[in-house]
Amino acid sequence: MSTPVRDPRRRRPTLDRPALVALLLGVAGVGYRLVLTLLTLPTSNSDEATFGLAALHIATGHERPVFLYGQRYMGMLESYLAAPLLAVAGPSWPVLRLPLLLLYAVFLWLAYRLTRRLLSPWLATAVVGLLALGSERVVRDQLTVVGGRPEVKPAVLAMLLIALALADDRVRHRWLATGAFGLLAGVALWSDWLIAPYLAVAGLVLVWAVPRELVGWPGVLLLGGFLIGLAPMIKDNLIAPDGQDSLSVFREISTKDGLAPTLTERLHGGLLEGVPLATGLCPMDGCARWAGWFGLLYPPLLLAAAGLGLVAYRRATEPAARVRAVAILALVVGAVLTLLGYVRSPLSATDPLGNARYLSVLQLSLPAVLWPLWLAARYAWRGTAGTLARLGGALATLVLVALAAATLAGTVAFVADAPSLRAEERQARELAGAVRRAGLHEVYSDYWTCNRLIFNTGERVVCAVLDGNLTPGQNRYPAYWKRVGRAPRPGYVVPVGSSAERGLRRLLGDRADAAVVAEAGGYRVYHPESAVRPWR
C-alpha cells in the first residue's frame, strides 16, 4: 500500500498569532452583524425600502434603474446585488441586507491585509478589533441598504492593494490588474460620489507605483475599466433632461439657500460630533460633551501620520517601500479631503446627527490615524526609552484604551437599546398586516411610512406620499402616486394625533369615526366611502 509523500518545498500557509487573533475578532464582528441582520437591526425605513423595491423591480425584469428613484446621483449597485436573492426569497429585510454583510466581511479582510502590508501585523489586528465593534450609527452605515458606503470602502482598499502588488512585482497578469483597478474606481464613483477623494489618492498611488506601465496598453485597460464601471452613470446623464444630470443635481443639493453657519459651527459639527459619531463613540441621538475628545485629536493625529509617512518615504531605499509610504500618505490625504468637504457643507452644522453618515468612509484611514499612537505606545516599552518617551507612550496607550473602551460602550449601548428598536420594527409589520386585513390596496400616508409599507406587503399595498397638510409629498416612484390617484376609494394611513389625521378628520366631518377600519403601530387606517383629495 503506497502512502503519499509530502513535498518539503511546498509549505502549507499558516496563521501567525496576529493573523489568528484578527481572524477571531473578524469572525466575532461578522457574527455580531449576522445576528443584527436576522433581527432587522438597525430598523428599516422608507429610504432603505426604496432600494428594496428597486431590487424587486430588477428581479422581475421590469426595470434597470441607474440611480435611486427620485434623484440622479446615488447608484443602485446594492439593489442589483440583492435582486437575485429577493427573486428567490421574496421581499425580506434580512435577505435585502445579506449582500452588505458579505461586503463588510470583505472590508474587514482587506483592511487587515492593507494595514499589515503598510504598517504592522498587530496594528492590523487592532484595526480589525475596532472595526468589529459597532454602535448603531456605524452598523447602520454598514448593514442598511441606503446606497454607496458599504461597497465603496472595500473597493478603495482593493485598489490600494492592487497598486502595492504591482509595485512589489507580485502580480502575474499586470494588465488585468490595472483594468480591475479602473473597473473598481468606476463602479465606486457611480455608486457614491462622496468616495471621490479616496479614489483620487488611490489613483495617485497607482501612478506612483507603475508610472511607465500606464503609458500603453495597461493605461488603455485602466481607462476602459473605469468607463465600463461608470457606464450606467454616463448613459443616464447623456439622456437626462437639462438640469437633471448628476452634476447639476448634486450641485443644487450642495448649494441650497439658507443662513450659512459660521466656520466655528461647522467645525464643531464636523469634528466634535461627526467624527465621534462616524467612529462609533456616540449613540444615534447625539454625542455627550466628553465624546468630542477624539474629534479634537483627529486633525493632530492626521498631521502626525503625515509626518511619519514623509519620514518613511525619505528613509526608503527601494521603490516598493516608497510606494508603501505614498499609500500611507494617501490615506491621510483622503481623510483630510473628506473632512474638508464635509465641513464645507452647511449640513455639518445644521444637522450633524443626520449627516454624520457621510463621514463613515473615514474608516478607510483608521490605520493611519492610529499609527502615531501605536508607535508611541510601542516605543515606550523599549528599554532605551527615556522618561519623556515613556510618558508620551503611556499617554498614547491611554488614548488607544480609551478609544477601544468608548467604541465598546457605543456597541453595548446599541445592544441594550435593541428591544425598543425591535418593538418599532414589529409595529411596522403589524401596521402592514392591519392594512392588508382591511382589504386596502391603495393608500395615502407620510414619506417615512409609504415605501416601508409597500415593501413589507410585497407591493400588494401601494402607497402615495402626503405631507402633514395632506398635500403631495416626496413621491420617489411616480407610478405609485399615479396608481393611488386612479383608485376610486383609497385609504389613509396616518399617525394617531398627527396634523394629517386632524386635517383628514376635518374633511370627513361626521363620517370620520365610521371611516376608521384599523389601528396599529401608532397609526389609524381610514377608508372613507369616497376619495378625499383636497389638493385637487
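How much space lies in the largest cavity? About 200 Å³ of space lies there, where a cavity is, on a 1 Å grid over the protein atoms alone, a set of points at which a 1.4 Å probe fits but cannot get out, and a volume is the space filled by probe spheres set on points joined across faces, edges and corners.

The model is predicted, so that local features need pLDDT of at least 70 and side-chain atom pairs count only at pLDDT 80 or more, while totals for chains, interfaces and linings use all residues. Residues are numbered from 1 along each chain as its sequence is written, and side-chain values use heavy atoms, with hydrogens and water left out.

**Cavities**

| Cavity | Volume | Lining by class |
|---|---|---|
| Largest | about 200 Å³ | 13 nonpolar, four polar, no charged |

Of the 17 residues that line the largest cavity, L131, A278, T279, Q363 and L366 lie nearest its centre. Helix α12 gives the most to this lining, with three residues; helices (H or I, at least four residues) and strands (E, at least two) are DSSP runs numbered from the N terminus. The second largest cavity is lined by L100, L103, Y104, F107, Q142, P150, K153 and P154, and α4 gives the most to that lining, with four residues.

**Helix packing**

Helix α2 (residues 46-59) packs against helix α20 (residues 447-456) at an angle of about 35°, with their axes 8 Å apart; axes are lines fitted to C-alpha atoms, for helices over the stretch in contact (heavy atoms within 4.5 Å), and angles run from 0 to 180 degrees between N-to-C directions. By class, the contact of α2 with α20 has eight nonpolar, five polar and two charged residues.

**The sheet**

Five strands form an open sheet of mixed pairing in the order β2-β1-β3-β5-β4, two strands being paired if DSSP finds at least two bridges between them. Because β2 (462-465) and β4 (516-520) stand at the edges with a single partner strand each, one side of each is left without a neighbour in the sheet. Strands β3 (residues 491-495) and β5 (residues 523-526) run antiparallel and are joined by four bridges, and P495 stands opposite Y523 in β5. Helix α22 (residues 499-508) lies across β3, β4 and β5, running at about 30° to β5.

Note on methods. On a 1 Å grid over the protein atoms alone, a cavity is a set of points where a 1.4 Å probe fits but cannot get out, and a pocket is an open set with protein on both sides within 12 Å along at least five of seven lines; lining residues have an atom within 4 Å of a point. Ala, Val, Leu, Ile, Met, Phe, Trp, Tyr, Cys and Pro count as nonpolar, Asp, Glu, Lys and Arg as charged, and the others, Gly among them, as polar.
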